[in-house]
Amino acid sequence: MRLNQVLSLVLCIYCGRLLAEVCPRDWHRYGESCYFIIMDKMDWYQANRTCAKSRGNLLIPNSKSEQDYIWELFLKGFDQTPDASVWIGCNDIEEEGNWQHCPLKGETDAYDNWKDGELNDYGPGEDCGVMWRGFDGKWADHICSDQNYAVCETTVSNTPKFCLQTDKDGRLVSP
């Protein structure tokens, strides 16, 4: 192997490791996750599909600090009407009362932020979880077809890895 090929390979490996710790453009990093705020209101199903297209999932906060971080992002960037909500990945669409991807009250060693009295299925079809502005970010069950904001989450390790480009002589090429 020629020296310039070896140097290119070493540079690419180093660059890949270094840049693998960076979230894609317009995503926000917190801990080992990257978050993208969907600035258009949409129903839960559309939000879920949008996140999947971005190689992510609807947000499910796993700790109070993650919950606080996301809630602050929301408060800085969105309207402050009391009914403004953010979709989260929790749902009991398949079976009423069997919440998927989300801890239930009383589950050991799992973070949850359900508002007292929630998971009440108050209205028909309240099968999707939200962080609700009217409850200061506490979680509630909500009608999936309503229009809300959403946050997508992916792990840093799932972000695309990229590297500087080199030409056939091993010299750096501008992107």
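Guide: In this predicted model, Asp68 and Lys64 are joined by a salt bridge whose closest N and O atoms are 3.0 Å apart. Both residues belong to helix α3, which spans residues 64–77, and because they are four residues apart there, about one helical turn separates them. Asp68 is partly exposed, its relative accessible area being 34%, whereas Lys64 is exposed, with a value of 53%.

A search of the whole structure finds two salt bridges. Besides the pair in helix α3, Arg29 forms a salt bridge with Glu32, and here the closest N and O atoms lie 3.3 Å apart. Arg29 is partly exposed at 32% relative accessible area, while Glu32, with 53% relative accessibility, counts as exposed.

Glu153 lies in strand β7, which covers residues 148–155, and its side chain makes a polar contact with the side chain of Ser33 at 3.1 Å. Leaving aside residues up to four places away in sequence, Glu153 touches Trp27, Ser33, Cys34, Tyr35, Gly56, Asn57, Leu59, Ile60 and Glu66.

As for the setting, the chain contains three helices and nine strands, and along the sequence these follow the pattern α-β-β-α-β-α-β-β-β-β-β-β. Of its 175 residues, 39% count as buried, and among contacts with a separation of 6 or more, 67% are between residues 24 or more positions apart. The accessible surface of the chain comes to about 10500 Å², with 53% of it belonging to carbon and sulfur atoms.

The mean pLDDT of the chain is 78, and 71% of the residues reach 70 or more. Over residues 6–19, however, pLDDT stays under 50, and the model has 12 contacts beyond four places in sequence for that stretch. Residues 161–166 likewise have a pLDDT below 50, and beyond near neighbours in sequence this stretch has 17 contacts in the model.

Terms used:
Residues are numbered from 1 along each chain as its sequence is written. This is a predicted model: local features need pLDDT of at least 70, side-chain atom pairs count only at pLDDT 80 or more; totals for chains, interfaces and linings use all residues. Side-chain values use heavy atoms; hydrogens and water are left out. Helices (H or I, at least four residues) and strands (E, at least two) are DSSP runs, numbered from the N terminus. A polar contact is a pair of N or O atoms within 3.5 Å; within protein, one must be able to donate a hydrogen and the other to accept it, and residues adjacent in sequence count only if both atoms are side-chain atoms. Contact means heavy atoms within 4.5 Å. Buried means under 20% relative accessible area, exposed over 50%, partly exposed in between (1.4 Å probe, protein chains only). Accessible areas come from the Shrake-Rupley method with a 1.4 Å probe; for residues, only the protein chains shown count as cover. pLDDT is the predictor's confidence in each residue, from 0 to 100. A salt bridge is a side-chain nitrogen of Lys or Arg within 4 Å of a carboxyl oxygen of Asp or Glu.
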